[in-house]
Amino acid sequence: MEVFKINMGGNMLEPVKDIGGRALFLGGCRGLSVDASKFASVEANCVYFVVKDGPCDVCVYSLKDENEVRIGGVMDHLNTPSWSRNLSLRGRN
């Protein structure tokens, strides 16, 4: 995995090997950076993402160790029981 930062002055991407105490959570169309020290189960200098080859799995990539580990599954919206989808839609207009 490669991580980059944007160099706005040079209008280019620069490779990053360390994000310090931060953790990145990446999705299909969104990303989030958090201070890992604020969350007991989040590791610093790691990237969290979902792999969709068969069942969806959450993976963690350590920039320090350059190692990827699958840490769990994700509930697929299409496979959730209809009653749980209905609960999540209540109150929405």
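Residues are numbered from 1 along each chain as its sequence is written, and side-chain values use heavy atoms, with hydrogens and water left out.

**Figure 1. Overall fold and confidence.**
The protein has 1 helix and 7 strands. Along the sequence the pattern reads β-β-β-β-β-β-β-α. Helices (H or I, at least four residues) and strands (E, at least two) are DSSP runs, numbered from the N terminus. Of the 93 residues, 25% are buried. Buried means under 20% relative accessible area, exposed over 50%, and partly exposed in between (1.4 Å probe, protein chains only). Among contacts with a separation of 6 or more, 15% join residues 24 or more positions apart. Contact means heavy atoms within 4.5 Å. The mean pLDDT is 80, and 75% of residues reach 70 or more. pLDDT is the predictor's confidence in each residue, from 0 to 100. Over residues 78–93, pLDDT stays under 50. For that stretch the model has 4 contacts beyond four places in sequence. Where pLDDT is low, the predicted coordinates should not be read in detail.

**Figure 2**
Strand S3 covers residues 22–26, and strand S4 covers residues 31–35. The two run antiparallel and are joined by 5 bridges. Two strands pair if DSSP finds at least two bridges between them. S3 and S4 form a hairpin, with 4 residues between them. Arg22 has Asp35 in S4 as its bridge partner.

**Figure 2. An aromatic pair between S3 and S5.**
The count of aromatic pairs comes to 1. The rings of Phe25 and Tyr48 have centres 4.6 Å apart and planes at 15°, so the pair is stacked. The pair links distant parts of the chain: Phe25 sits in S3, Tyr48 in S5 (residues 46–51), 23 residues apart. Rings of Phe, Tyr and Trp (its six-membered ring) pair if their centres lie within 6.5 Å; planes under 30 degrees apart count as stacked, over 60 as edge-to-face and the rest as tilted. Are the two partners buried or exposed? Phe25 is partly exposed, at 30% relative accessible area. Tyr48 is buried, at 7%.

**Figure 3. Strand S6 and its partner S5.**
S5 and S6 pair in the antiparallel sense over 6 bridges. Val51 stands opposite Asp57 in S6. S6 is mostly covered, with 5 of its 6 residues buried. Ser62 lies in S6, which spans residues 57–62. Ser62 is buried, at 11% relative accessible area. A polar atom of the Ser62 side chain lies 3.4 Å from the backbone nitrogen of Lys64. A polar contact is a pair of N or O atoms within 3.5 Å; within protein, one must be able to donate a hydrogen and the other to accept it, and residues adjacent in sequence count only if both atoms are side-chain atoms. Leaving out residues up to four places away in sequence, Ser62 touches Asn45, Cys46 and Asn67.

Asn45 is in the loop between S4 and S5. Asn45 is buried, at 8% relative accessible area. Ile19 is in the loop between S2 (12–16) and S3. At 18% relative accessibility, Ile19 also counts as buried. The Asn45 side chain reaches the backbone nitrogen of Ile19 at 2.7 Å. Beyond four places in sequence, Asn45 contacts residues including Lys17, Asp18, Arg22 and Tyr61.

**Figure 4. Positive phi in two asparagines.**
Most residues other than glycine have a negative phi, and most peptide bonds are trans. Asn11 has a positive phi of about 55°. Asn11 is in the loop between S1 (3–7) and S2. At 71% relative accessibility, Asn11 counts as exposed. Asn45 has a positive phi as well, near 60°.
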